[in-house]
Amino acid sequence: MSAFFVEHGEPAFRATQVMKWIYHEGSTDFSQMTNLSKKLRLFLQENCSLEAPEIVAEELAADGTYKWALKMHCGNRVETVFIPEEKRGTLCISSQVGCALACTFCSTAQQGFNRNLTVAEIIGQIYVAQQRLGTTKKITNVVLMGMGEPLLNFNNVVTAINLMLDDLGYGLSKRRVTLSTSGVVPAMYRLGGVCDVSLAVSLHAANDELRNELVPINQKYPLKELLAVCKENVKIAPRRKITFEYVMLDGINDTDLDARMLIKLLKDIPCKINLIPFNPFPNSIYKCSSKTRILKFRDILHNSGLIVTIRRTRGEDIAAACGQLVGKVQDKSRRHLKFAND
Ligand code: SAH
C-alpha cells in the first residue's frame, strides 16, 4: 500500500493512515477518511474499492455461538463461526471455498473444492464479524479452523495472518492466532520462517495405516515426516507447544492400544493433545466415541505425562461445530461424485 501511494505522488505514511481507518475505525468509506486531502479521497473513491464479504445468513446457537454464511465474489459461500467464552471470543475463519482434501470424517471435505480465498476475503471475515458483533463482544482469538486447508492457500493465508498480528491491522497476539493443518509438510517448513503463530496439527491416528484412510494427505506426507517438521517448529518457538488434534471416532481410533501408540509417537515433542468429540453430519459413516471412552482415553494419555484437553463442542445445534461447516461450494474437483459412488 505504501508503494501504491508513493507511485501516485503521495507520502508512504498515507498507507498507515488508511490502515488505521480500515482496521481500527472499521471504515469502508474513503470519503470518511478526513485526515487525507479531499483530492486524495476522491482519487481513492474513483480508483480503489474497500469491500467486505456480505453476510447472507446468520444463525445463533443456544450457547451463544454465531454462524454466518458469507457470500464471496464468485457467488460461493463460506462459513465463519464466533464462539463466545467468559474471557475470550474466538473467531473460526475459512481459508478456501470447500476443501481439496478428503478427510473421511469432515463434512467440508464432502463438498469438494472450488478455489482459494483472497487475502481480502480471509481478513474480511474478521471485519464483518466484528462489525456485526458490535463493541460488546470482542474478537480476542482467531483460529484458521473453518473450511479449507490453510497451508494449501499459503501466500494469502500468511499475508492475512500478518495483517491480524500487525499493530496497524488487528494487533492480535501471536499466541491468540492458531493455524490448523492436516499436515502439508513442505508448507509447514516454510511457515516457520515467515509467520509466527500457534500451530495445531490434525493428527487423528497414531499409525500410518489408519491415518492414510482418515486423513489421506498422509499418503503423501506420512507420520515420520510430519513429526520431523513438528520437531523443527518447536525448535523455532521452544516455549510454544504444538497442539495435536485427535477426533474421537467410535471403534476406529479410540482404543487403549491407540492411546498407547499415541504416547509412543509423541514422546519427544513438547505438545498438547486436544481430543475432539466427533461431530456428526448428514450421511457421515462414523459415530462419536462414548463419553466414558473419551475420558478413559484421556486418562491413559494424561497418566503418561501428556497434556490433554477435551474440546468442548460448541454450536452443534446450528451445525457450527468442528467439521460441520459447509457453506455453498460449486465443486470443481468432481470429488463429490466419488463420495456418492463409495
Ligand atoms: N484443514 C485444516 C483445518 C480444519 S480445522 C485441518 O485439517 O487441520 C478443524 C479441525 O476439526 C481439524 O482438526 C479437523 O480434522 C477436525 N474435524 C473435521 N471434521 C470433524 C468432525 N466431523 N468432528 C470433529 N472434528 C472434526
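Which residues does Asn 207 touch, not counting residues up to four places away in sequence? Leu 223 and Met 261, where touching, or contact, means heavy atoms within 4.5 Å. Some notes on the rest follow.

1. Ground rules. This is a predicted model, so local features need pLDDT of at least 70 and side-chain atom pairs count only at pLDDT 80 or more, while totals for chains, interfaces and linings use all residues. Residues are numbered from 1 along each chain as its sequence is written, and side-chain values use heavy atoms, with hydrogens and water left out.

2. Back to Asn 207. Asn 207 sits in the loop between strand 9 (198–202) and helix 8 (208–214). For the record, helices (H or I, at least four residues) and strands (E, at least two) are DSSP runs, numbered from the N terminus. The C-alpha atom of Asn 207 is 9.7 Å from that of Lys 224, and the two residues are 17 residues apart along the chain.

3. His 204 has a relative accessible area of 5%, so it is buried; the classes are buried under 20% relative accessible area, exposed over 50% and partly exposed in between, with a 1.4 Å probe and protein chains only.

4. Ten strands make an open sheet with mixed pairing, in the order 1-2-3-4-7-8-9-10-11-12. Strand 1 (54–60) and strand 12 are at the edges with a single partner strand each, so one side of each has no neighbour in the sheet. From one strand to the next, the twist averages 20 degrees. Two strands are called paired if DSSP finds at least two bridges between them. Strands of a sheet pair through backbone hydrogen bonds, either parallel or antiparallel.

5. An antiparallel pair. Strand 2 (residues 66–71) pairs with strand 3 (residues 77–84) in the antiparallel sense, over six bridges. Within this pair, Tyr 66 has Phe 82 of strand 3 as its bridge partner. Helix 5 packs on the sheet, where it touches strand 1, strand 2, strand 3, strand 4 (89–92) and strand 7 (141–144), and its direction makes about 130 degrees with that of strand 2.

6. Helix 5 against helix 6. Helix 5 (residues 119–133) also packs with helix 6 (residues 154–165), at an angle of about 35 degrees and with the axes 8 Å apart. Axes here are lines fitted to C-alpha atoms, for helices over the stretch in contact, and angles run from 0 to 180 degrees between N-to-C directions. Helix 5 contributes Val 119, Ile 122, Ile 123 and Ile 126 to the contact, and helix 6 contributes Asn 156, Val 157, Thr 159, Ala 160, Leu 163 and Met 164. These divide into eight nonpolar, two polar and no charged residues, counting Ala, Val, Leu, Ile, Met, Phe, Trp, Tyr, Cys and Pro as nonpolar, Asp, Glu, Lys and Arg as charged, and the others, Gly among them, as polar.

7. Strand 11 and its partners. Strand 11 (residues 271–277) is largely enclosed by the rest of the structure, because six of its seven residues are buried. Strand 10 (residues 242–248) runs parallel to strand 11 and is joined to it by seven bridges, with Met 248 partnered by Pro 277. Strand 12 (residues 307–310) is also parallel to strand 11, with four bridges between them; there Leu 275 has Ile 310 as its bridge partner.

8. Crossovers. From strand 11 the chain goes through helix 11 (residues 291–303) to strand 12, in a right-handed β-α-β crossover. Strand 10, helix 10 (residues 256–265) and strand 11 form a right-handed β-α-β unit. Right-handed means that, with the strands pointing away from the viewer, the path from the first strand over the helix to the second runs clockwise.

9. Thr 243. This residue belongs to strand 10, and at 18% relative accessibility Thr 243 counts as buried. Leaving aside neighbours within four places in sequence, Thr 243 is in contact with Leu 199, Ala 200, Val 201, Lys 272 and Asn 274.

10. Ser 49, in the loop between helix 3 (38–47) and strand 1, counts as exposed at 53% relative accessibility. Ala 319 lies in the loop between strand 12 and helix 12 (335–341) and has a positive phi, near 50 degrees. At 29% relative accessibility, Ala 319 counts as partly exposed.
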